[in-house]
Structure formats: structure tokens, C-alpha cells
Amino acid sequence: MPGPIRLEDDSVSANFLLSADGYKKLFTVKPPQRRYKWRKDQVSQFWQDIQNAREKSQSWYFLGTLILEPQQGNQQVSVVDGQQRLATLSMLLACLRDACQKYKRQKLLY
């Protein structure tokens, strides 16, 4: 009979993941993981939840749990759970970046 499974709490904050030290990590998704499946209604709900937190002036927003597994000398991190949220958040941030750049260009023209 196998022994008990040991769960370790090596929690890392989103602030760290987005910091200079966290930014050095390469996030990967192992091949057996499922493809991106979120549809428009799920993305809209996710965005609405983030907007609601902002409108309530919340100082935090619980994005959900990401389970990460260190790979290759701790420079790569495999996303075990949370890839749909992480991918969606990445796309939303890219859209915000593009909108800000467009606004900045328009402002410079006038």
C-alpha cells in the first residue's frame, strides 16, 4: 500500500510571476493538456468579473489557482492546471496593450 501523498505549499504570488524575477520563467504546456476551449461567453464572464472587482475598488482579485511544475533547472514552468485562465488573461492583456498603443498614437496625431 503506497504511503500518503505529500502536498507542498510553494505558493507564488501573481506579483512575483509578473516581476522581473518571475518574468525570466518560460511557461509551457505539456502536449497531453487539452486545447484552448473557452468560448465568447466564458471570456465575457471572466472579463466582467475583473471589471466588477475594479468597480468595487477591490484591492485584490482571486484569479483562481494555477498549478505549476518546475522544469529544466527551474527556468521553465509547466502549467499543470489553469492554462485556460492563463491563456485568456494573456489575450486580454495583449488587447489592453494594443488599445493603449492605439490611444497613444491617436493622441500624438492631435
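## A salt bridge between neighbours

Aspartate 98 is partly exposed, with a relative accessible area of 37%, where buried means under 20% relative accessible area, exposed over 50% and partly exposed in between (1.4 Å probe, protein chains only). The side chain of aspartate 98 meets that of arginine 97 in a salt bridge, with 2.9 Å from N to O; the term stands for a side-chain nitrogen of Lys or Arg within 4 Å of a carboxyl oxygen of Asp or Glu. Arginine 97 counts as partly exposed because its relative accessibility is 46%. A search of the whole structure finds 1 salt bridge.

## Basis of the model

This is a predicted model, in which local features need pLDDT of at least 70 and side-chain atom pairs count only at pLDDT 80 or more, while totals for chains, interfaces and linings use all residues. Residues are numbered from 1 along each chain as its sequence is written, and side-chain values use heavy atoms, with hydrogens and water left out.

## Overall architecture

The protein has 4 helices and 3 strands, and from the N terminus on its elements follow the order α-α-β-α-β-β-α. Helices (H or I, at least four residues) and strands (E, at least two) are DSSP runs, numbered from the N terminus.

Of the 110 residues of the protein, 12% count as buried. The accessible surface comes to about 9600 Å², and 57% of this area belongs to carbon and sulfur atoms; accessible areas come from the Shrake-Rupley method with a 1.4 Å probe, and for residues only the protein chains shown count as cover. Among contacts (heavy atoms within 4.5 Å) between residues at least 6 apart in sequence, 57% join residues at least 24 apart.

Serine 78 is placed in strand β3, which spans residues 76-81, and it counts as buried because its relative accessibility is 1%. Leaving aside neighbours within four places in sequence, serine 78 is in contact with Thr28, Lys30, Ile67, Leu68, Glu69 and Gln71.

Leucine 26 lies in strand β1 and, at 46% relative accessibility, counts as partly exposed. When residues up to four places away in sequence are not counted, leucine 26 touches Gln75, Gln76 and Val77. The C-alpha atoms of leucine 26 and glutamine 75 are separated by 6.4 Å, although the two residues are 49 residues apart along the chain.

Aspartate 49 has its place in helix α3 and counts as partly exposed, at 31% relative accessibility. Between the C-alpha atoms of aspartate 49 and tyrosine 61, which are 12 residues apart along the chain, the separation is 8.9 Å.

Serine 57 lies in the loop between α3 and β2 (67-71), and with a relative accessible area of 62% it is exposed. Serine 57 has a positive phi of about 55° although it is not a glycine. Most residues other than glycine have a negative phi.

## A positive surface patch

Arg34, Arg35, Lys37 and Arg39 form a positive surface patch, and of these residues arginine 34 lies in the loop between β1 (26-28) and α3 (40-55). Patches are made of residues with over 30% relative accessible area and no salt bridge, like charges being joined within 9 Å and nonpolar side chains (Val, Leu, Ile, Met, Phe, Trp, Tyr) within 5 Å. Lys and Arg count as positive and Asp and Glu as negative, whereas His and the chain ends are not counted; the place of a charge is taken as NZ of Lys, CZ of Arg, CG of Asp or CD of Glu.
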